[in-house]
Amino acid sequence: FAAFKLRGVWQGETVEWDPTQGSEEMDWFTNMTPELRRELADPKLLEGPHKMEVESLPRPKREKELPVLWPENSWQGNVAKAKIWDQLQQ
């Protein structure tokens, strides 16, 4: 069975999967680099050698954001507090 959102349900003959017959559309995922696979694939669904490749990659370094310190009662400090407060309210 195959379910289609707009057209209903269709029942047809079963097609046997032939792994020797590839397609260019699926080869991009099969031959994907581990870096791209980490970005696009769900790590919980990876298995086998692909999971090991992704887990062996070093984690990318994050750049630390330096805080901007404004005096507590300055105009800039009040604007910064208002921005943070607005973000928390959303």
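In which helix is Glu39 found? Glu39 belongs to helix α2, and the account below places this helix within a predicted model. Local features are reported at pLDDT of at least 70 and side-chain atom pairs only at pLDDT 80 or more, while totals for chains, interfaces and linings use all residues. Residues are numbered from 1 along each chain as its sequence is written, and side-chain values use heavy atoms, with hydrogens and water left out.

The chain has 4 helices and 2 strands, where helices (H or I, at least four residues) and strands (E, at least two) are DSSP runs numbered from the N terminus. Along the sequence these elements follow the pattern β-β-α-α-α-α. The mean pLDDT (the predictor's confidence in each residue, from 0 to 100) is 80 for the chain, and 89% of the residues reach 70 or more. Confidence is highest in helix α3 (residues 49–56), at a mean of 90, and lowest in strand β1 (residues 2–4), at 51. Where pLDDT is low, the predicted coordinates should not be read in detail.

Of the 90 residues of the chain, 9% count as buried; buried means under 20% relative accessible area, exposed over 50%, and partly exposed in between (1.4 Å probe, protein chains only). The chain exposes about 9600 Å², of which carbon and sulfur atoms supply 57%; accessible areas come from the Shrake-Rupley method with a 1.4 Å probe, and for residues only the protein chains shown count as cover. With contact taken as heavy atoms within 4.5 Å, residues 24 or more positions apart account for 0% of the contacts with a separation of 6 or more.

Helix α2 (residues 34–40) also holds Arg37. Arg37 is buried yet has no salt bridge, a term for a side-chain nitrogen of Lys or Arg within 4 Å of a carboxyl oxygen of Asp or Glu. The nearest side chain of opposite charge, that of Glu53, is 5.0 Å away; Lys and Arg count as positive and Asp and Glu as negative, whereas His and the chain ends are not counted. Beyond its neighbours within four places in sequence, Arg37 contacts Phe29, Thr30, Met32, Leu46, His50 and Val54.

Glu39, by comparison, is exposed, with a relative accessible area of 65%.

A nonpolar surface patch is formed by Trp28, Phe29, Leu36 and Leu40, which together have about 390 Å² of accessible area. Patches are made of residues with over 30% relative accessible area and no salt bridge, like charges being joined within 9 Å and nonpolar side chains (Val, Leu, Ile, Met, Phe, Trp, Tyr) within 5 Å. Helices α1 (24–30) and α2 each give two or more residues to the patch. Trp28, in helix α1, counts as partly exposed because its relative accessibility is 49%.
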